[in-house]
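Dear colleague,

Please find the structure below, handed over for your own analysis. The findings follow it.

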Amino acid sequence: QVQLLESGGGLVQAGDSLTLSCAAHGGTVSSYSMSWFRQAPGKEREFVAGISRDGAFTGYADSVKGRFTVSRDNAKNTVMLQMDSLRPEDTAVYYCNAERLIMGVPFNYWGQGTQVTVSS
């Protein structure tokens with residue numbers, strides 16, 4: 001069972017950049033499609049960005065498209081989220097997610113999250 005550990009969160013000002021990392025332990029990240037989600041206070045967890053197992057395909061929420069970039073380094077068992085032009089509405093706990101299909105059944109694993117706070 002893969003374990004995920006996020007890092008890189010912090011307090012920044014609007015317009016700044018931040019890079020989040022997700023390190024996978026106990027599993028091979030290349031076996032999983034990886035995604036980033038976020039949850040703001042009082043709101044439901046929402047999809048932010050995702051990347052296929054080989055990195056060939058990526059997808060983004062409309063709210064972050066053009067500002068965030070997801071990437072992965074399978075050799076280092078790591079997935080990154082580069083966040084540029086941050087806005088106060090990007091403030092949330094950011095979670096790393098790993099998904100793997102086993103006989104057509106999706107298995108999801110989550111990290112504990114890292115806080116990102118963007119001040120205006």
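In what follows, contact means heavy atoms within 4.5 Å. This is a predicted model, in which local features need pLDDT of at least 70 and side-chain atom pairs count only at pLDDT 80 or more, while totals for chains, interfaces and linings use all residues. Residues are numbered from 1 along each chain as its sequence is written, and side-chain values use heavy atoms, with hydrogens and water left out.

I begin with D90, which is placed in the loop between β8 (78-83) and β9; strands (E, at least two residues) and helices (H or I, at least four) are DSSP runs, numbered from the N terminus. Setting aside residues up to four places away in sequence, D90 touches R38, R67, F68, S85, V116 and V118. D90 counts as buried because its relative accessibility is 1%; the classes are buried under 20% relative accessible area, exposed over 50%, and partly exposed in between (1.4 Å probe, protein chains only).

The structure holds one disulfide, a term used for a pair of cysteine sulfur atoms within 2.5 Å. It is formed by C22 and C96, whose sulfur atoms are 2.1 Å apart. The pair links distant parts of the chain, with C22 in strand β3 (residues 18-25) and C96 in strand β9, 74 residues apart. The torsion about the S-S bond of C22 and C96 is about -80 degrees, and the disulfide is therefore left-handed. C22 is buried at 1% relative accessibility, and C96 is buried at 0% relative accessible area.

Strand β9 (residues 92-102) also contains I102, which is partly exposed with a relative accessible area of 37%. Together with M103, V105 and F107, I102 forms a nonpolar patch on the surface, with about 420 Å² of accessible area in total. Patches are made of residues with over 30% relative accessible area and no salt bridge, joining like charges within 9 Å and nonpolar side chains (Val, Leu, Ile, Met, Phe, Trp, Tyr) within 5 Å. A salt bridge here is a side-chain nitrogen of Lys or Arg within 4 Å of a carboxyl oxygen of Asp or Glu. Accessible areas come from the Shrake-Rupley method with a 1.4 Å probe, and for residues only the protein chains shown count as cover.

Finally, S119 lies in strand β11 (residues 114-119) and is partly exposed, at 27% relative accessible area. Leaving aside neighbours within four places in sequence, S119 is in contact with V12, Q13, A14 and P88. The C-alpha atoms of S119 and G10 are separated by 11 Å, and these residues are 109 apart along the chain.

With kind regards
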